[in-house]
Each structure stands twice: as C-alpha cells, then as structure tokens.
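Please walk me through this protein model, one feature at a time. Keep it short and plain.

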Amino acid sequence: MSKVINIKEIFFWDLNKTHKEQKYIIEKYDNNDFGFHAIKITSMEHLKALVEHLLQDGLRNELIFRGQRNSNWRLQSTLEREIKSAETQEQYNEIAQKHLNCFKKLARGKIKEQSLLLGNSEENDDELWAIGQYLGLKTPLIDWTRSFFIALFFAFQEEKTETQYRCVYRLVEKFLNIDKEHRYIINPKMDHYGRLTAQKGLFTYWGLDFHIRDLLEIFIKNNSSSPNTLKDKESIKRKIITKYYISNELRKEILSYLESLGITEDTVYPDLSGIINKANNELKEIINSSNHS
C-alpha cells in the first residue's frame with residue numbers, strides 16, 4: 001500500500017479564516033503519485049466549523065462523501081485492490097466479469113432475488129454487485145453517502161487504525177456525469193438489507209481515483225473561459241474534490257457527537273449486524289469497567 005509522504009506539510013484548519021481562505025495542499029505519495037487537496041482537522045472546533053460550511057444550502061444537495069479509517073488509502077474498490085496484475089481496464093473488466101459470473105452460480109437458491117441471476121443485463125449486474133458489496137464480496141464498487149456525518153461515522157467506527165489520521169473525502173456528485181462514455185455512479189433500485197436507505201448510500205465504479213484526474217482536466221476545459229494559470233486550475237480542482245485528514249485522537253469525542261445526532265451502529269446498520277456491532281462495542285466498555293472496579 002502506498003503512503004502519503006507529506007502529511008506533516010498539510011495545513012491545519014484555521015478558525016480565524018473563512019472556508020475560502022483555508023490553505024489546502026496536494027497529497028504526495030511514496031510512488032511519486034499525487035492525491036487531492038487536503039487539510040487537517042485536529043479539534044472538535046475545527047470539525048464543527050467544517051460542518052457549518054458543508055451544511056450551507058448551496059452545498060447540501062450537491063456533495064457526496066466517503067469516510068476511511070486510514071488516511072493513506074486511495075479511492076479504490078476492494079476488487080481493484082485485489083486485482084493487482086491487471087494492467088489495462090480491459091483486463092480488469094474481464095476478471096471482474098468472470099468473478100461476477102462465479103458469484104451468480106454460487107448464489108443460485110441462496111439469495112431472494114433469483115430473477116437477478118437471469119441473463120447478463122447491466123441493470124441486474126449493478127444490483128448483484130450491490131448485494132455482494134453488503135455481504136463482503138470483493139466488488140468494483142466504492143461506497144459513498146450523501147451525509148457527511150455518516151461518512152464520519154464510517155471513518156471512526158472501528159477502534160484501531162494504522163495511521164495518525166482518518167479521513168473523509170468530499171466530492172461534487174454531478175462532476176461524475178461529465179464523462180458520457182463511462183458510468184461512474186450506481187444507484188441500486190433495491191435496498192436489500194435496508195442499509196442503502198439508512199446510510200443515504202450510493203456507489204461509484206472502480207477506477208475513480210485514476211479517472212478523476214482525467215475528468216478534472218475535461219471539466220476545466222469545458223467550464224472555464226481562461227483557466228490559464230496553475231492557481232486557477234488548482235482552485236477549480238479543490239472545489240470539486242477535497243480530503244479532510246481528521247485526527248484519530250478525536251475518535252471518542254466524534255462518536256459521542258454523532259450519537260447525539262442519532263448516528264450509531266443500530267441506525268446506520270438497521271439489520272442484525274448493527275446491534276451485534278453495538279453489543280461488541282459495549283462489551284469492551286463492560287470489560288474496561290470490570291478491570292477498574
């Protein structure tokens with residue numbers, strides 16, 4: 001897994017400045033690749049200032065978010081991380097289709113929506129990938145949500161992380177529609193386990209991390225009269241996608257804050273897994289209390 005090598009250089013959120021005045025810096029990875037514009041959130045005051053900005057009427061219905069517990073992770077699907085040998089999109093698609101066909105065979109008689117196994121329609125495949133995503137199948141889908149708070153929950157839900165920072169990506173949804181040759185956004189028609197509704201969820205297909213760079217150049221070319229300076233281009237890119245590095249030390253405060261907003265395991269996961277996660281977390285508290293008594 002590649003790592004961000006300039007985390008120390010990323011600026012902290014400045015409470016004395018407006019959102020437009022905040023300083024962002026582009027991530028650099030140890031494989032000489034670049035990431036996206038990033039900024040650090042290291043206090044609840046920083047976080048609430050960010051929330052106040054994101055809840056503005058002009059932004060509320062335009063953005064999608066993704067939370068990750070490791071700030072080094074790229075925007076990649078579980079299947080993309082698994083298929084490291086594919087050098088082209090065609091190779092990747094061939095492996096993915098064989099993987100889906102295998103899932104279809106194994107799913108006969110085991111999923112309620114047996115009609116989805118008939119034929120090879122694009123719509124049915126989307127629904128099957130979505131089912132597999134919730135069940136832990138390696139898929140080409142990446143989870144997103146229309147709620148910053150739910151993305152924040154996913155970033156901080158698990159206790160352990162390998163890095164000092166967790167992260168939340170913020171992306172302008174309509175930006176993904178400018179490329180008419182590829183489908184990036186998947187909105188399943190079925191909510192098989194109630195999670196899609198509870199999580200205000202949607203999916204994007206594989207390669208988003210890679211394709212965003214091409215899409216940004218297309219967007220700048222089509223929507224700017226004269227983005228002839230580097231500063232102009234970077235300003236446009238920052239408006240489209242940003243990444244918030246959020247200190248892992250805020251985990252307990254953030255989970256408490258989210259709980260006050262009604263966001264917990266049993267609301268985000270309306271099926272049995274939600275209450276199981278909650279019971280397991282409460283077990284840790286029970287054990288800690290017993291050790292201190």
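The count of disulfides here is 0. A disulfide is a covalent bond between the sulfur atoms of two cysteines. The model is a predicted one, and a pair would need its cysteine sulfur atoms within 2.5 Å to count. Look at C102 and C167 in turn. C102 has 41% relative accessibility, so C102 is partly exposed. C167 has 0% relative accessibility, so C167 is buried.

Now turn to the helices. Two packed helices are described by the angle between their axes and the distance between the axes. Start with helix α6, residues 148-156, and helix α10, residues 251-260. Their axes lie 10 Å apart, and the packing angle is about 140°. Roughly antiparallel would require an angle over 145 degrees, so α6 counts as oblique to α10. The crossing of α6 past α10 is left-handed. Which residues of α6 and α10 make the contact? From α6 come F149, L152, F153 and F156. From α10 come R251, I254, L255, Y257 and L258. Sorted by class, the contact of α6 with α10 holds 8 nonpolar residues, 1 charged residue and no polar ones.

Helix α10 also packs with helix α1, residues 44-54. Here the axes come within 11 Å and cross at roughly 40°. That angle makes α1 oblique to α10. The crossing of α1 and α10 is right-handed. On the α1 side, the contact is made by M44, L47, K48 and V51. On the α10 side, E253, I254 and Y257 take part. In the contact of α1 with α10 there are 5 nonpolar and 2 charged residues, with no polar ones.

Next comes the pair α4, residues 89-107, and α5, residues 122-135. Their axes come within 11 Å, crossing at roughly 75°. Angles from 65 to 115 degrees count as roughly perpendicular, so α4 and α5 are roughly perpendicular to each other. In α4, the residues A96, Q97, H99, L100, F103 and K104 meet the other helix. In α5, their partners are D125, L128, W129 and G132. By class, the contact of α4 with α5 has 5 nonpolar, 3 polar and 2 charged residues.

F219 is 94 residues away from D125 in sequence. In space, their C-alpha atoms are 29 Å apart. F219 sits in helix α8, residues 208-223. With 22% relative accessibility, F219 counts as partly exposed.

Y269 has 12% relative accessibility, so Y269 is buried.

Finish with two backbone angles. N32 is not a glycine, yet its phi is positive, at about 70°. N32 lies in the loop between β1 and β2. N32 is exposed, because its relative accessible area is 71%. K200 is also a residue other than glycine with a positive phi, near 50°. K200 is found in the loop between α7 and β7. Its relative accessible area is 49%, so K200 is partly exposed.

Terms used. Residues are numbered from 1 along each chain as its sequence is written. This is a predicted model: local features need pLDDT of at least 70, side-chain atom pairs count only at pLDDT 80 or more; totals for chains, interfaces and linings use all residues. Side-chain values use heavy atoms; hydrogens and water are left out. Axes are lines fitted to C-alpha atoms, for helices over the stretch in contact, and angles run from 0 to 180 degrees between N-to-C directions. Helices (H or I, at least four residues) and strands (E, at least two) are DSSP runs, numbered from the N terminus. Angles under 35 degrees count as roughly parallel, over 145 as roughly antiparallel, 65 to 115 as roughly perpendicular and the rest as oblique. A crossing is left-handed if the near helix is turned anticlockwise from the far one by less than a right angle, and right-handed if clockwise. Contact means heavy atoms within 4.5 Å. Ala, Val, Leu, Ile, Met, Phe, Trp, Tyr, Cys and Pro count as nonpolar, Asp, Glu, Lys and Arg as charged, and the others, Gly among them, as polar. Buried means under 20% relative accessible area, exposed over 50%, partly exposed in between (1.4 Å probe, protein chains only).
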